[in-house]
Amino acid sequence: MEYQEPKVTSSTLTPLVYSNRVMLKTILESRDGEMGLVGKTVVVGGWVKSSKEVKKEPAPSPPAAADPVPASPGPKESCCVEMLQSRIPFFRTIIRVLGGSASSPAVRQKLESLIPKPPPPSTFFLQINDGSCVSNLQVVIDSARVPVSAGQILPTGTSILAQGVLEEPSAHGKQIIELKVEKLLHVGTVEQDKYVLSRKKLPLNSLRDYSHIRPRTTTVATVARIRSAIDFATHTFLQNHGFLHVQVPIITTTDSEGFSEKFQVTTLLGKPSKKEEQVGVSAAEGVSLETVKAAIKEKSSLVEQLKRSDSNREALVAALQDLRKTNELAQQIEAREKSKPVTAVKPDLVNFNEDFFGRPSYLTVSGRLHLESYACSLGNVYSFGPRFRADKTVSAKHVAEMWTVEAEMAFSQLEDAMKCAEDYFKFLCRWILDNCSEDMKFFSKRIDKSVTHCLEYIISCSYEKISYREAVEILRKVTDKAFETQLQWGVPLTAEHLSYLADEHYRKPITIYDYPKAVKPFYVRLNDDGKTVAAFEMVVPKIGKVITGSQSEERFDMLNTRIKEFDLSRDQYEWYLDLRRHGTVKHSGFSLGFDLMVLLTTGLTDVRDVIPFPRSHGKANN
């Protein structure tokens, strides 16, 4: 159905400025109550979540009589039945001319057989959602009034834009209010056999392969609203506390930590320089394998379409033969690639002077180094964006691309960063409870019954603060549990260690500080003992490490020594050392794993289910 421009309604409900429709949230979560909206005319849009059709009983045929006086013209919306009935005198006149009485049973039977019988009218009940809230609005369409077929309007995923009147439901049920449609302005149909959500309920791990469609599910849509709320709360808290938002680069030439797995950015692939050597495999000559594989995919799709249609068997046979030949060609190219060498560039022969940036560059692991330069000029600053780690480890708490909130404060020390991080963390939890109550009810009912209680406890309790040394002593005394990694001083605390401390020992959020210098980045300030550094981690039950922070090394000599200890190229960090040469100041900051924060507030267990388009090892579908 073609899109029609909706008319501005006379309702007191305020439509959206840029689409002239009313969000369902303003109807279903109205402060005045839904019943106060009865009688209002509105335009709403959304996608069908579920539907049913109730067929009306056809009206009995009126008894035959003399030709009635033609009725006066009705409204423009007169249905097909009325139009056909208005033509009955015309048919009777024809039969009289042919020689018969219109009132005789035989002639009347012939007459009725000539008049096409329209399908009986139906009432369609649609549950639609526009993503603004958890609840659905029931939309009622009378096909006698609004001409539309069941095949168009009933399938799950169909989009509609409709104008109608809000009314009390005709039948008692969950709905408090429903929309009686007067006019359909747009219908976007779906291909049911290809629409993945047409099937039975899919588990979250299956939906990950359809990241472009899964926001239409209630769970993922609710996660998206929670993400948006935490995003807004982040800016609210930091802006209210005098922080300025600074955009740091995604592409960098420095290793922000000194020991992280990085993604390299280059344009040299496929462009061998003059220094190249034969290292093994050969590119196929002529047609590329990728082109042939793409053709196979298209031809396979054509075969499937022809199989579903019995109208052209010859075309199906021809398509199958074509597909077989294309598969044989692909096998020949693959065999040729394995048998011939190809030129490839060895990493040690890459001339980065010829690369796009003229030197090795990477996707950033952390923005804190760049953020420091602005903190040492503007005071308190923060950044929010994606961070990348080329870590192939499969984990429910880690993917290759994760969003991070980073804050940096001038004239502050470790204790200041720890206090700010705790206040910020509690603020986010309170914001979600205060502003996302309906969404949290959904997660409490469907995902984790204790999630709301957990957030309330996080807000009200005091966080335990222990040193790394104290944490090790506690873990060494554990006798009823065997840890996979043997614990000794100087070894990083694993997720298993942190989980035990937060979930079983303290049973509340904890902050661990003063880590061994070998397990923290080079830029963290060295403590007076010469063994530990001013770093901390906030660990939360069920999730683990959510916030990491530190006081940065402001002393030039100490920082220079640490760069040497990590065997880093000093040339890459000259700009960073400049901050210590010119007006150095004590400063500290922290990083919050934004996706982990969403995981905590929703009660879900895998970070891939709370990231819109997750990227992990071997998975980047779109």
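**A walk through the structure from Glu553**

Leaving aside its neighbours within four places in sequence, Glu553 touches Tyr523, Val524, Arg525, Leu526, Met558, Leu559 and Arg580. The model in which these contacts are found is a predicted one. Glu553 sits in the loop between strand E17 (544-551) and helix H16 (556-565). Buried means a relative accessible area under 20%. Glu553 has a relative accessible area of 0%, so Glu553 is buried. The side chain of Glu553 also joins that of Arg555 in a polar contact of 2.7 Å. Ser588 is 35 residues from Glu553 along the chain, and the C-alpha atoms of these two residues are separated by 8.9 Å.

The protein has 622 residues, and 43% of them are buried. The elements of its fold are 18 helices and 18 strands. Among contacts between residues at least 6 apart in sequence, 72% join residues at least 24 apart. The accessible surface comes to about 34,200 Å², and carbon and sulfur atoms account for 53% of that surface.

Next comes the interior. In soluble globular proteins, nonpolar side chains tend to be buried together. Here the largest nonpolar core has 58 residues, and those with the most contacts inside it are Phe425, Ile547, Leu592 and Leu600. Helix H11 (residues 414-435) supplies the largest share of this core, 12 residues. What is Phe425 in contact with, leaving aside its neighbours within four places in sequence? The partners of Phe425 are Ile458, Tyr463, Met538, Val540, Val546, Ile547, Leu592, Met597 and Leu600. Another core, of 28 residues, lies apart from the largest one, and its members include Phe124, Val146, Val148 and Val181.

Helix H12 (residues 437-446) has buried residues too, namely Asp439, Met440, Phe442, Phe443 and Ser444. These buried residues of H12 pack against H7, H11, helix H13 (451-460) and H18.

Charged side chains are the next topic. Side chains of opposite charge can pair when their charged atoms come close. The structure holds 27 salt bridges. One of them is formed by the side chains of Asp595 and Arg227, at 2.7 Å from N to O. Asp595 belongs to helix H18 and Arg227 to helix H7, so this pair links distant parts of the chain, 368 residues apart. Asp595 has 0% relative accessibility and therefore counts as buried. Arg227 is buried as well, with a relative accessible area of 11%.

A salt bridge is also found between the side chains of Asp606 and Arg208, at 3.5 Å from N to O. This pair too links distant parts of the chain, 398 residues apart: Asp606 is in the segment after helix H18 (594-602), and Arg208 is in the loop between helix H6 (204-207) and helix H7 (218-240). Are Asp606 and Arg208 buried or exposed? Asp606 is buried, with a relative accessible area of 9%, and Arg208 is buried, with a relative accessible area of 18%. Asp606 and Arg208 also belong to a network of salt bridges that includes Arg608 and Asp609.

Lys545 and Glu537 form a salt bridge in which the closest N and O atoms are 3.4 Å apart. The two ends of this bridge fall into separate classes of accessibility. Lys545 has 36% relative accessibility and so counts as partly exposed, whereas Glu537, at 5%, counts as buried.

The last stop is a sheet. Its three strands have the order E7-E11-E8, the sheet is open, and the pairing is antiparallel. Which strands stand at the edges? They are strand E7 (251-252) and strand E8 (264-265); each has a single partner strand, so one side of each is left without a neighbour in the sheet. E8 is joined by two bridges to strand E11 (residues 361-363), and these two strands run antiparallel. In this pairing, Val265 stands opposite Ser361 in E11.

Technical notes: Residues numbered from 1 in each chain as written. Predicted model: local features only at pLDDT ≥ 70, side-chain atom pairs only at ≥ 80, totals over all residues. Heavy atoms only, no water. Core = buried A, V, L, I, M, F, W, Y, C linked by side-chain atoms within 4.5 Å. Buried < 20%, exposed > 50% of the residue type's maximum accessible area, 1.4 Å probe, protein only. Helix = DSSP H or I, 4+ residues; strand = E, 2+ residues; numbered from the N terminus. Contact = heavy atoms within 4.5 Å. Pairing = 2+ DSSP bridges. Areas by Shrake-Rupley, 256 points an atom, 1.4 Å probe, with all protein chains shown as cover. Salt bridge = Lys/Arg side-chain N within 4 Å of Asp/Glu carboxyl O. Polar contact = N/O pair within 3.5 Å; in protein donor to acceptor, adjacent residues only side chain to side chain.
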